[in-house]
Amino acid sequence: MNDIVEYPGHNSKPMDLDGEKNEKFTGLPQYEGVAEGEMKMTDEERNVYEHGVQKFNRLGWKRLTIVLIVEAIALGSLSIPSSFATLGMVAGIICTVGLGLIAIYTSHVIGQVKLKFPHVAHYPDAGRLLFGRFGYILVYIMLGLELTFLTGSHALTGTIAFNTITESGVCSVVFAVVSAIILLLLAVPPSFTEMAILGYIDFASIIIAIGITIIGTGVNSTNQPGGLKAVDWSAWPREGTTFTDAFIALSNIIFAYSFALCQFSFMDEMHTPKDYIKSIWALGATEIVIYTLTGSLIYAFVGQDVGSPALLSAGHTLSKVAFGLALPVIFISGSINTVVCARMIHGKIYENSPIRFINTKMGWMTWLIAITAITIVAFIIAEVIPFFSDLLSICSSLFVSGFTFYFPAIMWFKLIREGSWTSPKNLLLGAMNLLALAIGLITLVGGTYASIDDIIMNYNAGTVRGVFSCQNPS
């Protein structure tokens, strides 16, 4: 039996994978309620704990940018062109740029909360600060459902990709199972630093796939009779646009800026959390540019018949190529949602145990069970709601509206605001947060109604495949 030893906190600063000094790793956090420097554990426990802390505190701002891109930019970019087709070019650009700037600001608020309350490891912890135990439970359920829905949306997109690439008579449910298995395997690494390594492949994948789609649709439109002038696009909303159509389109744009929901989780692995602001602006600017160009150009080249996901609009052969190149982003981005969800659950179960570091036999066993359960539920969601735009709209309306807009606004009013209400700074910031609050609440109510209404109409019209059906999803 190992001797019991006292383990004082050390002040070593190991190098992180971005080549920067780790300023956060200055000692071990509390262990079962015993303060640092007074904790007592066996040599084996000490080794597990030390390696665990090192493993989960290596994320620099550059890699934070990558994991945020991996989590956020994938499916969002594929839904934007169809939103432009509904809203029109003018409203599409205004909404894309405007909502992007507001999302950057609300993510800045989230970062401020993390710096002010370092113990906030995941979004539910912020919910506790806002509304006590009720807030914690509410946000915990919302975040778990949103992450699972996101994984399901990636499973659905994988099914569409495999159907498009193969053009085989294989049942779509088979491709859905294959997609779920790939998502599960990629979710095995539990550290966001490890996931960030795949992120470089992920980012290159989506940029190349979108680039091919833009070029392909542009060339195809140029070669059609009448050229680009003959493309049926409009600066204004298309004729006959209903409330439901408009909100589905708007919700898809809001979905594209959903990176805030994982920000607490990612920042908790940063060695220098104050550097988050660099990541937020780098990601926000990148998203605004990519989304605006993708939406406007593909819509201008294809017109009202643009597909969703947008890669379906590239033409018969190029769609296959684009989906093939997009496979990494479909599955890598999907798996990181599983990782965030499983980390939240696993960390709660083993809150006061080194097992939460997932570097012991028991830790790995329960980790694999957690990601498997999440993937199975996500697969079921993808089969129950097998249509792309509506699934994204549901995610956006029920969950992203809160995580990206109204929760950060409430955080500013309750946790961040300092000084007099009448100061110029607080008047300006108060107005911005009221705007974010209004956008979130309107999306929650209007978007949820529109999503449910559209799903009912699609099923009644028979325009989508049935639950667990072999027909191609749309």
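**Salt bridges in a predicted model**

The count comes to three salt bridges, a salt bridge being a side-chain nitrogen of Lys or Arg within 4 Å of a carboxyl oxygen of Asp or Glu. The model is predicted, so local features need pLDDT of at least 70 and side-chain atom pairs count only at pLDDT 80 or more, while totals for chains, interfaces and linings use all residues. Residues are numbered from 1 along each chain as its sequence is written, and side-chain values use heavy atoms, with hydrogens and water left out.

**Aspartate 268 and lysine 114**
- The side chains of aspartate 268 and lysine 114 form a salt bridge at 2.7 Å, N to O.
- This pair links distant parts of the chain, 154 residues apart: aspartate 268 is in the loop between α8 (263-267) and α9 (276-302), and lysine 114 is in helix α3 (residues 89-116). Helices (H or I, at least four residues) are DSSP runs numbered from the N terminus.
- Lysine 114 is buried, at 4% relative accessible area, whereas aspartate 268 is partly exposed, at 23%. Buried means under 20% relative accessible area, exposed over 50%, and partly exposed in between (1.4 Å probe, protein chains only).

**Glutamate 167 and lysine 320**
- A salt bridge of 3.0 Å, N to O, joins the side chains of glutamate 167 and lysine 320.
- Glutamate 167 sits in the loop between α4 (123-166) and α5 (172-186) and lysine 320 in helix α10 (residues 316-349), so the pair ties together parts 153 residues apart in sequence.
- Glutamate 167 is partly exposed at 46% relative accessibility, and lysine 320 is partly exposed at 23%.

**Aspartate 275 and lysine 278**
- Aspartate 275 and lysine 278 meet through their side chains in a salt bridge of 3.8 Å, N to O.
- Aspartate 275 is buried at 13% relative accessibility, while lysine 278 is partly exposed at 41%.

Conventions
Helices (H or I, at least four residues) and strands (E, at least two) are DSSP runs, numbered from the N terminus.
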